Each structure stands twice: as C-alpha cells, then as structure tokens.
Amino acid sequence: MIVSRLTYRALTSHLCTGRGGPKIEMTRPSSDLAEFRKVFAKAQHIAILTGAGVSAGSGVPTFRGAGGYWRKWQSQDLATPSAFSRSPSLVWEFYHYRRELMLTKNPNPAHIAIAECEARLAKQGRSVVVITQNIDELHRRAGSKHVLEIHGSLFKTRCTICGNIATNHKSPICPALEGKGAPDPKAEDARIPVEDLPRCEEEGCNGLLRPHVVWFGETLDSDILTAVEQELDMCDLCLVVGTSSIVYPAAMFAPQVAARGVPVAEFNMEDTPATLRFRFHFDGPCGSTLPPALERHETETV
C-alpha cells in the first residue's frame with residue numbers, strides 16, 4: 001500500500017458543518033471516566049495514537065496553523081522534497097533549530113502516563129503500543145518501548161546517495177550549523193555551502209544527509225504501515241491522544257478501528273472530524289486528562 005502524508009479535508013467534509021473544511025462546530029461533552037475505566041481494565045492490547053497535542057504540554061511548537069511560523073515559513077513550506085532540493089541549507093537550518101529546541105524539552109505527564117501504563121501492563125501480560133505522528137522522540141525519552149513513528153524522527157538522518165538511515169543526536173549536527181537556525185523573521189538565511197551540510201559517514205559515501213522524516217507529498221514507510229495495521233487489527237481498545245484527525249492516513253486509523261466495534265477514546269482539546277464516531281471523548285489538555293484515565297485500576301493485581 002502506498003499512501004502519502006496529506007490533509008484529507010475532502011474526505012472529512014461530510015462530517016463537518018459549514019463549507020470551509022474541517023472546522024467543527026459541535027462540542028461534545030466529556031464522557032464518563034468511570035465507564036472508560038471499566039473498558040480499560042479489561043483491555044489486553046491497547047493502541048495509542050498520538051499527535052502534536054500530546055507534546056504541547058512540553059512546549060513543543062508545531063509550526064502549523066495561526067502563529068506557527070519559523071521565520072516566515074510554516075512547516076508545510078519547508079518539509080517538502082522540492083524545498084530541500086531548492087535550498088538544503090535553509091531546510092537544514094529549520095531542522096537544526098528544531099533538534100536543538102527539542103534538547104531543551106522534556107516529556108510531560110501525558111508521555112509519562114503512557115510509558116508507565118505500558119510498563120505496568122506488560123507485567124500483567126497485557127500490551128500497549130504507541131503509534132505516533134510526532135517526530136520529537138518524547139515518547140521514547142519518557143520510557144515507552146513499543147513505539148511506531150510513522151513520520152520518522154528528528155534524530156535520524158538518511159543519506160540522499162546510499163540511503164543509509166542512522167540515529168544522530170549530535171549537537172550541533174555539523175559544525176557549519178552551530179549557532180544557526182534562529183526563528184526570528186528578521187534572521188538572514190545562512191546559505192551554507194552544500195559540502196558543509198551534514199554528510200554521510202558510511203565508508204566511501206560522503207553523500208548529503210537529509211532528516212529522516214516523512215515530508216509532505218512523500219510516501220510513508222510501507223513496513224511501518226504494515227506494522228501499524230497489524231497492531232490496530234489486534235487492539236481491543238484504542239486511544240486517540242492530541243491529534244486533529246485531519247492528516248491522512250493517520251486520521252483514518254481510529255475510525256477504522258471504531259468501525260469494527262472496538263471502543264475508541266479521544267483525548268483532545270477540541271472536537272475533531274472523527275469525534276462523533278468514537279465511544280469516548282475527553283476534553284482538555286492531555287497532560288491533565290490522560291494520567292487519571294491510565295492509572296492503575298483497582299482490579300489490577302500486579
């Protein structure tokens with residue numbers, strides 16, 4: 001299956017009021033937490049789908065929507081193959097800034113609640129998988145072990161010549177980027193020569209590296225998607241945490257699970273195009289709503 005990272009306004013327009021795309025007018029009240037906890041206590045395999053909202057409590061900017069700019073650009077302007085082809089220096093400045101910024105951020109209570117839940121349930125023979133659209137690695141830093149990153153990671157690179165994928169937490173990632181990437185709209189582009197940008201360290205290669213993230217218009221990794229499909233087919237409870245449910249194909253995951261009768265619980269700051277399809281909805285910051293939902297249930301013996 002080949003799918004691109006796209007916003008699926010047309011696919012969700014029938015779920016929305018008005019003509020301007022997926023702006024949701026209805027407000028669904030929060031569900032009964034005690035009822036959710038009964039379902040949670042019985043679940044054997046929990047799939048947790050996360051988006052930018054789960055990292056909002058850590059102060060991670062999205063660079064999308066109103067005010068979400070780096071210099072004069074939003075992520076959709078720079079996170080594309082054509083942007084990298086036109087100006088690899090500018091794109092690397094953007095990602096260097098994001099990498100350095102993430103080194104100053106920490107997992108918040110939502111990340112920690114998910115990681116602690118996974119560790120605790122594993123001792124009971126139950127399982128938790130995190131399927132995330134985020135590229136910040138905060139789930140891993142919180143301690144989550146079973147993580148599928150469908151859009152890649154800020155801290156991985158891929159060679160444009162040999163294709164080698166490598167983990168890279170260097171700060172800065174290369175000497176030429178040190179001190180670069182200021183988000184100020186008045187900041188001048190560094191215009192770093194391409195030979196001084198991050199280069200492949202595989203023997204005999206030295207090719208230009210790019211961030212190992214899925215850019216807009218690119219296809220998602222088929223192996224990751226296959227793994228996601230397998231996890232969703234197995235789950236008997238699905239949580240949707242901090243995602244707007246408008247980016248395809250991730251936006252279709254939870255509705256497909258709900259369509260086969262599996263309980264889905266949404267934890268979000270606002271209603272989404274898929275809210276009414278789900279059994280549970282909890283309104284508010286994930287860092288506040290998720291910990292009490294995932295804490296040890298009275299029936300747990302381990």
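Author: Helices (H or I, at least four residues) and strands (E, at least two) are DSSP runs, numbered from the N terminus. The model is predicted.

Reader: Is serine 58 buried or exposed?
Author: The cut-off for buried is under 20% relative accessible area. Serine 58 has 11% relative accessibility, so this residue counts as buried.

Reader: Which backbone oxygen does the side chain of serine 58 reach?
Author: Serine 58 touches Lys105, Asn106, Pro107, Asn108, His111 and Leu138, not counting residues up to four places away in sequence. At 2.7 Å, its side chain reaches the backbone oxygen of asparagine 106.

Reader: Which element gives the largest share of the lining of the largest cavity?
Author: The largest cavity has a volume of about 90 Å³. Its lining has 9 nonpolar, 4 polar and no charged residues. β2 (45–50) and α10 (250–259) each supply at least two residues. The largest share, 5 residues, comes from α10.

Reader: How many charged residues are in the lining of the second largest cavity?
Author: About 30 Å³ of space lies in this cavity. Among its lining residues are Leu138, Val147 and Glu149. By class, the lining has 2 nonpolar and 3 polar residues, and the charged residues number 3.

Reader: Which element gives the largest share of the lining of the second largest pocket?
Author: This pocket holds about 300 Å³ of space. Its lining has 19 residues, with Gly152 and His212 among those nearest the centre. The largest share, 4 residues, comes from β5.

Note on methods: Residues numbered from 1 in each chain as written. Predicted model: local features only at pLDDT ≥ 70, side-chain atom pairs only at ≥ 80, totals over all residues. Heavy atoms only, no water. 1 Å grid on protein atoms, 1.4 Å probe; cavity = no way out; pocket = protein on both sides within 12 Å on 5 of 7 lines; lining within 4 Å. Points joined across faces, edges and corners; volume = space filled by probe spheres on them. Buried < 20%, exposed > 50% of the residue type's maximum accessible area, 1.4 Å probe, protein only. Polar contact = N/O pair within 3.5 Å; in protein donor to acceptor, adjacent residues only side chain to side chain. Contact = heavy atoms within 4.5 Å. Nonpolar A, V, L, I, M, F, W, Y, C, P; charged D, E, K, R; others polar.
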